[in-house]
Amino acid sequence: MADDKRPNVVLVFIDDMGWEDFSCFGNHDAQTPHIDKMASEGVRFEQFYVNSPICSPSRTAISTGHYPQRWRIGSYLSNRDHNDQRGIAQWLDPKAPMLARSLQQSGYATGHFGKWHMGGQRNVDDAPYITEYGFDESLTNFEGMGPKLLPLTLKPGDEEPGRIWADAERLGEGFRWMQRSEITGGFVDAAIPFIQSAKANQQPFYVNLWPDDVHAPFWPPVDQWADGKRGLYLSVLQEMDRQLGKLFDVIRNDEELRSNTLVLICSDNGPEKGAGSAGPFRGFKTHLYEGGVRSSLIAWGPSVVKRSGEVDRTSVFAAIDLVPTLLDLTGSDYPAGAQFDGQSVVSAITGDGGSRTSPLFFRRPPDRDAYYGVNDLPDLAIRKDHWKLLCEYDGSSAELYDLNEDRGETNNIAAKHPDVVQELTTAVVAWHRSMPQDNGATYREPPQTKGRPR
């Protein structure tokens, strides 16, 4: 496939945004017009999943096409002791089959701009640099190795800005302090010249644009300050949309880019309680219920996505599926020996529809057996066809839901379908046991870190 025909790819991976938070997905409390415009020219997917209800493993999955547990990343990466206590890795092994590296080796210019959180955070200062994972250029936040933007904070009445995560100055060369409310725009301003350089060199490009928005703490511009947690969250959401709009306009208004670029927009997990909204779905960030792992997805690309302004309510696929899908769409070789957990679903992305054929498996973060007021959260989950089952590590305490009839997971029908329960518990427990184990069965969150997930 000739380079000038190979599509460019931009992956926008928002942080902690609920399924309903785009106004085109039903948010009536705030508007996201720039993202809505992309949706009106592309396809909105209502049954797209991420592969963890928390950030670091979700990012690992969308980067590798593997369940994140394969790489011992089952929760957010923290300090060394906390990672060891939970039985998770300190950083993603660079040997993982990175989408970026495969595209780089296939001739793509590759850039990462935004949150990383797959190594290089807190006191973990010997992690690999982002560029060691297949990126030509990177700019990150306080949770990655390499050049970064660090947050200044300002609220009404403040005379001088504050600083947070200042210790991250030592995590790789090069840092710049800027207002937290402007950092998404800082990543956009770095991505645009990268894109323009690749275009000038007649080189296809792959760009991660992964804002730290809309993660707490919420720091909107001072002139957009709002009351309460929800109000601050919505202000940050709308400002993020405005800043992302600059990137979208560059692509949409350049005929060469518009005719040959695929933009994917989604969130890494469900919303923080009291901030974003999962709409009709049960649960929040850290939960294996739909609200924690179902993500709104928009696919835009006039040369790639055949439908415009449509809603796909039937295609079921996940972040792990995007890796083989994008390799196929770009005509790139799979890594030698790679056996992806994801399946190529090119027809879904292009607009013809289609779902993955294998079940989806989930395991909760080892430090989230109880959270947001729910004690003893399910340890495992499986989605197969229209069935969703959640259970403990040994298959006990099964909950079964028919998502065609009950997408809010309100009516546990396990007692009515013992054969289905047996089939799905056997499958999900076997999957769980096939993965490297973490300390979820024994771990108890220390008081000083409880309630502070990244």
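Student: Which side chain meets Asp312 in a salt bridge?

Tutor: That partner is Arg307, at 3.2 Å from N to O. A salt bridge here is a side-chain nitrogen of Lys or Arg within 4 Å of a carboxyl oxygen of Asp or Glu. This is a predicted model, where local features need pLDDT of at least 70 and side-chain atom pairs count only at pLDDT 80 or more, while totals for chains, interfaces and linings use all residues. Residues are numbered from 1 along each chain as its sequence is written, and side-chain values use heavy atoms, with hydrogens and water left out.

Student: Is Asp312 buried or exposed?

Tutor: Asp312 counts as buried, because its relative accessibility is 3%. Arg307 is also counted as buried, at 18%. The cut-offs are under 20% relative accessible area for buried, over 50% for exposed and partly exposed in between, with a 1.4 Å probe and protein chains only.

Student: How many salt bridges does a search of the whole structure find?

Tutor: The search finds 38. One of them joins Asp29 and Arg230 at 2.9 Å, N to O. That pair links distant parts of the chain, with Asp29 in the loop between β1 and α1 and Arg230 in helix α6, 201 residues apart. Helices (H or I, at least four residues) and strands (E, at least two) are DSSP runs, numbered from the N terminus. Asp29 is exposed at 54% relative accessible area, and Arg230 is partly exposed at 26%.

Student: Which residue pairs with Lys246?

Tutor: Lys246 meets Asp189 at 2.7 Å, N to O. This pair links helix α6 to helix α5 (residues 183–200), 57 residues apart. There is also a network of salt bridges linking Asp15, Arg59, Lys115, Arg122, Glu143 and Asp268.

Student: New topic: which residues of helix α1 are buried?

Tutor: In α1 (residues 33–40), those are Ile35, Asp36, Met38 and Ala39. Seen down the axis of α1, they fall within an arc of 155°, so they line one face of the helix. The arc is that of the directions from the helix axis to the C-beta atoms. Their cover includes β1 (8–14), β2 (43–49), α6 (228–252), β9 (261–267) and β10 (294–300).

Student: And the backbone, which peptide bonds are cis?

Tutor: Among them are Asp213 to Val214, with omega near 10°, and Ala216 to Pro217, with omega near -5°. Val214 lies in the loop between β8 (205–210) and α6, and Pro217 is in the loop between β8 and α6 too.

Student: What is phi of Thr286?

Tutor: Phi is near 85° there, a positive value in a residue other than glycine. Thr286 sits in the loop between β9 and α8 (290–293), and it counts as buried at 1% relative accessibility.

Student: Last one: how many helices and strands are in the protein chain?

Tutor: The chain has 11 helices and 16 strands. Buried residues make up 64% of its 454 residues.

Definitions and conventions:
Contact means heavy atoms within 4.5 Å.
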